[in-house]
Amino acid sequence: QKNGVSNGTLYKKTFIEHFEQAPMYVAVLTFVGFGVGTIFGYLRDFMRAWGLEKRNIAEEREQQKDFVPLYQDFENFYTRNLYMRIRDNWNRPICSVPGPQFDLMERVTDDYNWTFRFTGRTIKNVINMGSYNYLGFAETEPNALKTVTKELQKYGTGICSTRQEMGTLDKHVELEKLVAKFLGVDDAMVFGMGFATNSMNIPALVGKGCLILSDELNHTSLVLGARLSGATIRIFKHNNMQSLEKLLRDAIIYGQPRSRRAWRKIIILVEGIYSMEGSIVRLPEIVSLKKKYKAYLYLDEAHSIGAVGATGRGVVEYFGMSPDDVDVLMGTFTKSFGAAGGYIAGKKDLVDFLRTHSHSAVYATSMCPPVAEQIIRAMKCLMGLDGTTQGLQRVRQLGKNTRYFRRRLHEMGFIIYGNDDSPVVPLLLYMPGKIGAFARRMLEKNIGVVVVGFPATPITESRARFCVSAAHTREMLDTVLNALDELGDFLQLKYSRYSKSSHPELYEETRFELED
């Protein structure tokens with residue numbers, strides 16, 4: 001349902017999120033769909049075992065039959081019998097820059113998605129509703145990439161060393177100073193891979209005798225980092241402050257299991273924008289709790305940095321809070337900045353500690369110079385250091401596109417999740433059969449979408465996930481919305497019981513523009 005907060009003491013503006021439950025019949029039909037798929041899966045396995053159907057999947061050699069199997073046969077059941085039927089909707093090869101539109105290599109299958117072959121044709125100008133290109137910095141405009149080209153010619157493509165050895169360049173130092181200035185903190189450290197920024201640095205910050213309190217919907221990189229650390233992990237319900245406070249209170253009262261000693265550290269792991277739900281972290285409440293119980297806070301701003309906040313400085317700015325309220329600020333350059341890698345920022349002693357103890361700093365190859373320059377270019381644009389207001393225009397255009405797209409979907413009668421200001425827009429499909437049908441029909445209309453199902457989501461909550469970009473024009477969004485309106489009726493996807501109107505009036509708004 002609609003979840004709104006207007007708390008004058010913590011929130012400076014109304015905080016609205018949508019998590020509408022589907023009608024009961026939808027949940028029942030979803031389980032029936034999986035049940036029918038499972039029954040036919042067992043039937044097909046029986047036919048393959050008796051040679052009545054061709055066995056396409058790889059199997060172990062006769063000489064290895066007595067070995068301990070690498071995986072249990074049932075573990076592959078879902079992949080073999082359900083995923084394979086709709087496999088054509090993933091891993092499609094793109095052959096252009098992933099801007100607001102892209103080109104796609106056409107491929108077909110002759111054996112029900114077990115193998116693919118390319119036709120040699122290209123599907124041109126597909127509207128891109130799946131890439132995390134929030135601010136439109138994934139671009140090939142020559143003037144925009146002039147400095148990147150210059151750095152490529154000067155430094156080449158690779159470093160061939162780690163940060164602690166011979167892999168720290170003046171470009172890295174410049175970027176780290178710029179990131180710290182952008183975020184308003186003492187210092188920052190950058191890493192060549194966004195996923196590893198979490199998974200390789202959390203083990204440096206916590207270990208045995210420490211307690212990690214993790215949101216149940218945290219990204220896999222946070223989960224992996226927590227597991228590698230050896231710390232005790234406890235999960236709280238998504239964005240549920242009562243659940244988090246209970247865990248914090250119990251941790252203080254009871255301490256560690258068996259010994260009852262106090263925990264060495266208690267650290268809360270959360271994300272700024274949750275990439276599968278489109279929800280925004282309740283940062284003011286979490287900061288209040290972490291101060292009350294003397295815990296640390298680790299904030300992953302992979303999807304929120306650049307995408308929310310008046311000037312693109314993430315959820316800290318979005319809520320009007322101080323960066324000092326967050327102990328560890330983490331983010332990636334893979335989304336809003338159109339590049340690669342990630343950062344950790346905060347107090348100088350935190351960053352100095354990571355320079356010595358981070359696995360990424362010790363073992364991983366440094367970020368390549370052209371990528372560093374691309375991030376510097378995008379960040380300077382956001383900060384206005386390039387002498388224009390283009391960065392601010394992009395942030396505001398993204399916000400305007402996001403609110404327009406979400407409002408229209410809601411009015412059409414779709415169930416969408418998340419915060420009204422989140423550019424990640426999950427549209428619920430529910431039934432497994434509709435996942436493939438939705439993605440294929442949208443591609444026929446020259447619209448590229450990302451569809452997600454079990455086990456990446458709960459079994460009853462398959463969805464399409466749209467990522468809105470500042471580079472999307474109103475015409476592109478209207479083309480997508482008209483296609484969704486038509487397809488929603490055809491596939492019967494309009495499950496919402498709270499839609500405002502099935503035929504919304506045309507939405508006209510004066511376009512926001514600033515002179516350079």
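Residues 124-484 carry the UniProt feature "domain: Aminotransferase class I/classII large", which comes from an unreviewed entry. In this predicted model, the span is 42% helix and 17% strand, and its end C-alpha atoms lie 20 Å apart.

Let's begin with a pair of helices. Two packed helices are described by the angle between their axes and the distance between the axes. For helix α3 (residues 146-155) and helix α13 (residues 369-383), the axes come within 8 Å and cross at roughly 155°. Angles over 145 degrees count as roughly antiparallel, and α3 and α13 are therefore roughly antiparallel to each other. The crossing of α3 past α13 is right-handed. If you zoom in on the contact, you will find Thr147, Val148, Glu151, Leu152 and Tyr155 on the α3 side, meeting Pro369, Pro370, Glu373, Gln374 and Arg377 of α13. Sorted by class, this contact has five nonpolar, two polar and three charged residues.

Now follow the chain to a sheet. Strands of a sheet pair through backbone hydrogen bonds, either parallel or antiparallel. Here three strands form an open sheet in the order β13-β16-β15, with antiparallel pairing. The edges are taken by β13 (424-430) and β15 (450-452); each has a single partner strand, so one side of each is left without a neighbour in the sheet. On average, neighbouring strands of this sheet are turned by 25° against each other, direction ignored.

The pairing of β13 with β16 (residues 462-467) is made through six bridges, and the two strands run antiparallel. One place to look is tyrosine 430, which stands opposite serine 462 in β16. Finally, helix α14 (residues 390-412) lies across β13 and β16, and runs at about 20° to β13.

Note on methods. Residues numbered from 1 in each chain as written. Predicted model: local features only at pLDDT ≥ 70, side-chain atom pairs only at ≥ 80, totals over all residues. Heavy atoms only, no water. UniProt positions renumbered as here; feature names shortened; annotations may be inferred. Helix = DSSP H or I, 4+ residues; strand = E, 2+ residues; numbered from the N terminus. Axes fitted to C-alpha atoms, helices over the stretch in contact; angles between N-to-C directions. Parallel < 35°, antiparallel > 145°, perpendicular 65-115°, else oblique. Left-handed = near helix turned anticlockwise from the far one by under 90°. Contact = heavy atoms within 4.5 Å. Nonpolar A, V, L, I, M, F, W, Y, C, P; charged D, E, K, R; others polar. Pairing = 2+ DSSP bridges.
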